[in-house]
Amino acid sequence: MPAPSPSGPNAASPEVAEIERALTRITYLGTRTRHHDRLRALADVPLDRAAVALLRQIADCEPMRPGEVAHRLGVEASHVTRTVQQLHRAGYVTRVPDPDDGRAQRIRLTEAGRLAVGRIREAGAGEMQLALADWRPEELRQLATLFHRMVDDFLAYSAETEGEPGAAAVAGHEEPEK
């Protein structure tokens with residue numbers, strides 16, 4: 001059932017309102033503790049959700065300054081600092097000198113960190129494959145293409161309206177193979 005849409009100059013079309021509703025449902029499903037615990041068990045990676053999110057972000061754009069990670073995840077720098085310390089003690093990340101500023105450090109995945117991210121992504125993709133087993137390959141390619149386009153547009157809009165300096169850097173993605 002379509003969600004009611006507000007009226008006014010910035011009112012969303014019914015189609016956009018339905019996309020927002022679907023994204024809210026996807027976000028809820030992907031952030032449930034039960035979902036994280038299942039993926040953690042499948043991947044055999046004993047980390048909490050914050051640590052997994054940080055590992056995934058670093059894997060996408062390493063090496064990164066802790067402040068960059070915090071900005072991209074939308075959290076306080078102190079949260080990233082504590083999580084980086086946890087991941088460093090567990091052997092998933094290491095600190096390396098920042099080539100642009102000798103006083104600063106960047107965070108890089110260790111081999112154990114790369115393996116953990118790989119297992120987490122593999123477990124998540126495997127679960128998704130099972131959930132979407134009845135979809136045709138061309139439908140999956142189309143969905144992936146549209147999702148990437150939507151994320152790129154969200155990032156471009158965010159950079160435009162909020163002046164986010166890092167938004168353009170994460171806008172790029174690899175197109176799925178056809």
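**Contacts, burial and a nonpolar core**

Tutor: Let's start with contacts (heavy atoms within 4.5 Å): of those in the protein between residues at least 6 apart in sequence, 51% join residues at least 24 apart. This is a predicted model, where local features need pLDDT of at least 70, side-chain atom pairs count only at pLDDT 80 or more, and totals for chains, interfaces and linings use all residues. Residues are numbered from 1 along each chain as its sequence is written, and side-chain values use heavy atoms, leaving out hydrogens and water.

Student: Why is Leu54 called buried?

Tutor: Buried means under 20% relative accessible area, with a 1.4 Å probe and protein chains only. Leu54 has 2% relative accessibility, so it counts as buried. Across the protein, 24% of the 178 residues are buried.

Student: Which residues does Leu54 touch, not counting residues up to four places away in sequence?

Tutor: Val69, Leu73, Val80, Thr83, Val84 and Leu87. Thr83 is 29 residues from Leu54 in sequence, yet their C-alpha atoms are 7.7 Å apart. Leu54 itself belongs to helix α3, residues 49-61; a helix here is a DSSP run of H or I with at least four residues, numbered from the N terminus.

Student: What makes a set of residues a nonpolar core?

Tutor: Its members are buried Ala, Val, Leu, Ile, Met, Phe, Trp, Tyr and Cys residues joined through side-chain atoms within 4.5 Å. The largest one has 23 residues, and Leu47, Leu55, Leu87 and Val93 touch the most other members. Helix α3 gives the most to this core, with five residues.

Student: Why might such residues be found together?

Tutor: In soluble globular proteins, nonpolar side chains tend to be buried together.

Terms used
Buried < 20%, exposed > 50% of the residue type's maximum accessible area, 1.4 Å probe, protein only. Helix = DSSP H or I, 4+ residues; strand = E, 2+ residues; numbered from the N terminus.
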